[in-house]
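Biologist: I have a model open and would like to learn how to read it. Could we go through a few features one at a time?

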Amino acid sequence: WNTEPLTYSEPAHRTEWVLEPPEEYIPQIGNVQLYVRLSENWLSEYERGITITANDVTHECNFLGDHGNSPHAGRIFGSVEVPFLEQEDEEGRPAYTADRTMRLNRENLRVDALLSWINDAIGDIIKALETEEKAQQDRARQEQLRKTAKTIEDALNRRLAHAFENMERKVNLKVSANPSLLGLDVQNSDLSTSVEVSGGDEGQQEY
């Protein structure tokens, strides 16, 4: 811009995956590396998706395959450099045309293999993110249940303690009003006890 070179600053990301293609794709696209990153924030439609280049020339942007509608797709971006796209496929079809549509030729065998791999890779990453999100939700739900159970337990304990205090207070009041409730009220009286002892031939003596 005005003779000044423009540079691109990637969005901040929290996770990056560096992936290599399965062996069956290597003859078509080469032993390349796919960089997939998970942004810290929601991306605009111009920032999300995979950018595909060949010899540092961009030929397609924002590729998300079948996963563009996923809630996680709005945070996924990345790139892959595929020099083999400069070569025609086995049937002589180019990987891109000169019409500047920024869209690779889907009929090209190299493009078909490349996009199939990227699509599967994004799908696997989204599944992993969904699993992680569900696990976090389960942990949060369990923590909420634990806090709720603790709150209920504390409330019940307070009520029981209050009930016992009231019961003890009522018992103390009754005891103060009637001390005999502490035990039996025993009154002394003059009792005469006669015991007869048998003394054999000497007869009986009375005490």
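Biologist: Is Met102 buried, partly exposed or exposed?

Modeller: Keep in mind that this is a predicted model. Buried means under 20% relative accessible area and exposed means over 50%. Met102 has a relative accessible area of 39%, so Met102 is partly exposed.

Biologist: Where is Met102 placed, and which residues does Met102 touch, leaving out those up to four places away in sequence?

Modeller: Met102 sits in the loop between E5 and H2. With those sequence neighbours left out, Met102 touches Thr58, His59, Glu60 and Cys61. Cys61 is 41 residues from Met102 along the chain, yet their C-alpha atoms are separated by 7.1 Å.

Biologist: What does the side chain of Asn105 do in polar terms?

Modeller: For a polar contact, look for a pair of N or O atoms within 3.5 Å. Asn105 is also in the loop between E5 and H2. A polar atom of its side chain lies 3.1 Å from the backbone oxygen of Pro94, and one lies 3.1 Å from the backbone nitrogen of Glu107. Beyond four places in sequence, Asn105 touches Arg93, Pro94, Ala95, Tyr96 and Val111.

Biologist: Which residues touch the most other members of the largest nonpolar core?

Modeller: That core has 29 residues, and those with the most contacts to other members are Ile52, Val80, Leu85, Leu114, Trp117 and Ile118. Strands E2 (34–39), E3 (49–54) and E5 (76–81) and helix H2 (109–177) each supply at least two core residues. H2 gives the most, with eleven.

Biologist: What does Ile52 touch, sequence neighbours aside?

Modeller: Not counting residues up to four places away, the contacts of Ile52 include Val57, His59, Val80, Leu85, Leu114 and Ile118.

Note on methods: Residues numbered from 1 in each chain as written. Predicted model: local features only at pLDDT ≥ 70, side-chain atom pairs only at ≥ 80, totals over all residues. Heavy atoms only, no water. Core = buried A, V, L, I, M, F, W, Y, C linked by side-chain atoms within 4.5 Å. Buried < 20%, exposed > 50% of the residue type's maximum accessible area, 1.4 Å probe, protein only. Contact = heavy atoms within 4.5 Å. Polar contact = N/O pair within 3.5 Å; in protein donor to acceptor, adjacent residues only side chain to side chain.
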